Amino acid sequence: MTIPDYAKPCSMKPSTHHATHEPTCCSSPSCNTQAADQHIDISGTQILRYAIANMDCPNEERLIRNKLSGMAGIVQLDFNLMQRVLTVHHRSADAGEMMQALTAIGMQAQAIEEKHSAAAESSGISRRQIVLLAIAGIAACAAEALSWATQADRSPLVIALSLLSVVCAGGPTLRKGWIALKSLTLNINFLMTLAVLGAIAIGHWPEAAMVIFLFALAELIESLSLDRVRSAVHGLLKLAPDVVTVRGADEGWEERDVKAVGVGSIVMIRPGERIALDGVVVDGQSNVNQAPITGESMPVMKCEGDAVYAGSINDRGVLQMRVSADSSNSTLARIVRVIEETEAARAPTQRFVDVFARYYTPAVVVVAVLVALLPPLAFGAPFADWLYKALVLLVIACPCALVISTPVTIVSGLTAAARRGILVKGGQYLEAGHKLKAVALDKTGTLTVGKPAVVEVSATGNDTHEDLLLLAASLDAHSDHPLAHAIVAAGPHADRYRAVRNVESLPGRGIKGEIDGRVLYLGNHRLMKELGIVDASVETHLRRIENAAQTAVLIATEKKVLGIIAVADQARASAGQALAKLKRLGVASVMLTGDNRLTAQHLGKTLGISAVQAELLPEDKLQQVRELQATYGTVGMLGDGINDAPALAQANIGFAMGAAGSDTAIETADVAFMDDDLNKLPHFIELSRATRSVLIQNIAAALGIKAVFFALALSGMATLWMAVFADVGASLLVVFNGLRLLRHANVPKQ
């Protein structure tokens, strides 16, 4: 059972409420954090979305923000740099004027009509770019070699080769630098333009050429690296085919584009095909591999009435299904949409990096200016030498590696989780998972299957177990009681049922009926005591069943008990293994249940749960979570029902069970497991810890490299091209390190 969206209001969880008002992927050093620091009223605003192919990093964000923020009618700008999408909240702003403004600053914008259409396509590499970059590289290397051989940086041939390299590789950078200068925007393109022009001004032609070539090459590699992150997310959508076989008006079958198939259409899935849309099976049966959606390691048998999900793989049978959601609203599409939208809620580390970067760049620029001016003016030092050191510092001033490290890492972690059937609603939850010290777990439907099942049949006479189940199932065939459902499910097929006459319900005790002329009773201990047919051996047997936290259903005649059927809600197959993993991770487990204490304690002992709290009302569960937070600090809550909603809202991270295909669970939970495998809980914690580790590594690497070159620059040991190489190298290092998290999607399933 999943949690309705009204059961966990945002107001009960300030962090979730706050996150909905933060700017999307606002990672610029100069990010306008007004929306995060004070709530901007965007109610009633209109929304325009633009796919901007060349919006890759905070440089472009800041440029766009400076250009559009002052325009009439614009309320808020949300940036999704990973997907290259700009969302504009406005009140009657001129869309044409916005497009002109974006074009004026070199942004290749395209309006997105559909609310949830895909992000901007990968920019790719053109043949022209490769040729120009190759020419620039050869020219720059030749200029450096000739300069080293002749010890002449200003010879005509060296200058000619350097100019060729600057023209071929530096066109986009110099153009962006000029735009940044006109808009008074301090970004890497402006700083690189100053560095190149400064190097030329003091006669360092080969270095100017090498700097612009290395920067252009690194920009290209960085763009391709980020495309890999984007592809990892959108690769999920590619799990569903683009074409599907649909039943036409003439009852024949025809191939159709998946986007043209509406809800209610009948679709055929052949053996070996991927399922293109969500739906319900109306004919046929087959095993379906749901691993891409739920992370289940074993195929699941699907037959008439069962739900199937886009991206799943049909095995050997032919299935016909009725489409339940169009391609833009399939479970697969919603997973991708949630991952993209969660980039709006920045993780704590990312917010720290944003604040740090906002002060870091201007501070280093000020230092660079002082380095260029103070020694020559105060001490008569050579101006060219100190200007060169200042130019190196300008290159170091760019915080690209630092700023880009967090969103790449978080998105990689979110994608890895989604591939394992774990849907995380925001980077803040993925990062907070490493701090979990205790997890509260609901019992029924979470630790247990949630449906009673027959676990034992004992005969007290000559009847066989099969005979007893046949008689019991025949009596219970039309009952709606959960225990009756369990007995019917364990019994024979309905075509073997015995005819039952004179059926009489005995409220609170059981049922009475006549089979083959014999009056039979099926009921609880109380009914049998009223009949006076419970002897010492039956009492002993009943005590054993009750001590095992099972429910006894007795079948009897008017004179004797024929047998006892033990029914219990069984623990999930994954429960014991998952709880053992939590213990190894140092995370305490606490059961919170409304069930009776004896049953709860027996299950807790069986599964090895740290502590058990039973016979709780919803408000009691809420109080228990508060007490756990006072003891442990960061606490998670895993549940599946409405009665868990208050505790889920109070917990630092709320986990929902069995969310496949459910809008309400996806919208309500902080983390939703797309099936009922409890092993996903420890895996989420492991992934969170890995994400935290990579974040720390990336920040340390970015700041460490900056610090080293800052010292080298002041000592005169760093050259311009070395600074560029270090800067872009750090960016590539953190990107590739962040991509390592995608491997967590391939961890062997237990």
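Predicted model: local features only at pLDDT ≥ 70, side-chain atom pairs only at ≥ 80, totals over all residues.

My entries on a sheet, a loop residue and a helix follow.

Entry 1: I looked up the strand order and found six strands in an open sheet, running 16-21-20-19-18-17, with antiparallel pairing. Which strands stand at the edges? They are strand 16 (448–459) and strand 17 (501–506), each with a single partner strand, so one side of each has no neighbour in the sheet.

**Entry 2: strand 16 and its surroundings.** I then checked how strand 16 is joined to strand 21 (residues 561–571), and I counted eight bridges between these antiparallel strands. Val457 has Ile565 of strand 21 opposite it. Helix 17 (residues 482–490) lies across strand 16, strand 20 (551–556) and strand 21. Its angle to strand 16 is about 65°.

**Entry 3: Thr593.** I found Thr593 in the loop that links strand 22 (588–592) and helix 21 (597–607). Is Thr593 buried or exposed? Its relative accessible area is 2%, under the 20% cut-off, so I put Thr593 down as buried. Leaving aside neighbours within four places in sequence, I listed its contacts as Lys443, Ala600, Gln613, Ala614, Glu615, Leu616 and Lys621.

**Entry 4: helix 26.** My last stop was helix 26 (residues 720–739), with 20 residues. From first C-alpha to last it reaches 29 Å, close to the 28 Å expected at 1.5 Å a residue. I noted that 14 of the 20 residues are buried, so helix 26 is largely enclosed by the rest of the structure.

Technical notes
Residues numbered from 1 in each chain as written. Heavy atoms only, no water. Helix = DSSP H or I, 4+ residues; strand = E, 2+ residues; numbered from the N terminus. Expected span 1.5 Å × (residues − 1). Buried < 20%, exposed > 50% of the residue type's maximum accessible area, 1.4 Å probe, protein only. Contact = heavy atoms within 4.5 Å. Pairing = 2+ DSSP bridges. Axes fitted to C-alpha atoms, helices over the stretch in contact; angles between N-to-C directions.
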